[in-house]
Amino acid sequence: MQKPLILAIETSCDDTAAALVDVNFDVLSNVISSQEEVHERYGGIVPELASREHIKTIVPVVELALEKAGVKKNDLDALAVSANPGLIGSLLVGVSFAKGLAYSLKIPLIAVNHILGHVFANFIENKDIMFPFLSLVVSGGHTGLVHFRSFDDFTILGKTVDDAAGEAFDKIGKLLGTPYPGGPHIDKMAKKGNPETIEFPLPMIKHDNYDFSFSGLKTAAMLYLKEHNSMTEQELHDFAASYQRAIVMSLFIKTTKAIEQFKLTTLLLSGGVAANSALRKIFKDYGSKNNIKLLYPSLEYCTDNAAMIGAAAQFKYKLRKFASLDLNASPIKGLKML
Ligand code: KG4
Ligand code: ZN
């Protein structure tokens, strides 16, 4: 382990997580307590229940992360916390806890944007990534294309004008009766289906910008399900594969357009939807054909985790971008750095 050593905390949504990350982005421990069982019966996250669960689990999760890494609190050089965006009640639990601990240990506090955390999760397993790069950020709450010239110099080329890609998966998953979140289940069903069975619309692909839209596609899929209410298992698999293909294609077309326009050679997939096998495959094929370095984190660093917050925090530590103890959480969507 090489110093500085950062304890990172992530409570922006429904997972309580803590991790220890050193200056080389080596992860000494990465603990996640999932609330899936709490929210499952509601078919989505209940914000009030999420914050109450975070309060119950944050202390044991942090203690376990320290214990697994074999680190004492006094060995820590900084505390990092995701402070925006997310569910405000959930964020506040992590932010308040981190502020208290940083104050008592007299170490700097680092506020991390959750979305930037997803992007910089890529550095954990690929430590030699070079700027500039393009990142396709696809999670349950966000979808966007970001051109990074350095850690704190980036341009958001486009984002979703309505639903996020993960939301598009989860809402249709709910109609199909899959457990929450639906994304991984649709991915699994799609493997047994033919993606060319149903021709869903590819929203906004002809628009001359980098924005995405998924609500029209979602409505088309909902109508299809209404009209075909007794599908066989194979038909359901074909539906899942066709729907997934429409999401993946609209992400793929805009992303490759940006790579070509800005003459970039590195693409980072980030966020929970980067776990999707069809998305990975289409970009893998594109990358090897066009000599584009394609990177995505392994599954445990794709979906919400605290190690990614620690990785982004190491950049901020180097730049001495510390937060003051009046740091507040913010639910506002976007890549705003605090
Ligand atoms: O990044 P993440 O863990 O949380 C947010 O910050 O939103 O992303 C969660 C999202 C969910 O919408 C989930 O359905 C989606 O990632 N997801 C997937 C897959 N694994 C997770 N979507 C499609 N295919 C997957 N294999
Ligand atoms: Zn996330």
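Pro 85 is located in the loop that lies between strand E4 (78–84) and helix H3 (88–105), where helices (H or I, at least four residues) and strands (E, at least two) are DSSP runs numbered from the N terminus. The structure is a predicted model, in which local features need pLDDT of at least 70 and side-chain atom pairs count only at pLDDT 80 or more, while totals for chains, interfaces and linings use all residues. Residues are numbered from 1 along each chain as its sequence is written, chains are lettered from A and ligands numbered from 1 in the order in which they are written, and side-chain values use heavy atoms, with hydrogens and water left out.

Most residues other than glycine have a negative phi, and most peptide bonds are trans. Asn 84 and Pro 85 are joined by a cis peptide bond with an omega of about -20°. A cis peptide bond also joins Tyr 180 and Pro 181, with omega about -5°; Pro 181 is found in the loop between helix H6 (165–176) and helix H7 (183–190).

Lys 106, although not a glycine, has a positive phi of about 55° and belongs to the loop between H3 and strand E5 (109–113). Its relative accessible area is 76%, so Lys 106 is exposed (buried means under 20% relative accessible area, exposed over 50%, partly exposed in between, with a 1.4 Å probe and protein chains only). Asn 291, also not a glycine, has a positive phi of about 60° and is placed in the loop between helix H10 (277–290) and strand E10 (293–295). Asn 291 counts as exposed because its relative accessibility is 70%.

The zinc ion (ligand 2) is coordinated at 2.0 to 2.1 Å by His 114 (NE2), His 118 (NE2) and Asp 304 (OD). Donors are N, O and S atoms within 2.8 Å of the metal (3.2 Å for Na, K and Ca); water is not among the atoms, so sites may look incomplete. The donor residues follow the spacing H-x3-H-x185-D in sequence. His 114 and His 118 both lie in helix H4 (residues 114–120), 4 residues apart, about one turn of the helix. His 114 is buried because its relative accessibility is 6%, and His 118 is buried because its relative accessibility is 1%.

Leu 217, Lys 218, Ala 221, Tyr 224 and Leu 225 in H8 meet Phe 239, Tyr 243, Ala 246 and Ile 247 in H9, contact meaning heavy atoms within 4.5 Å.
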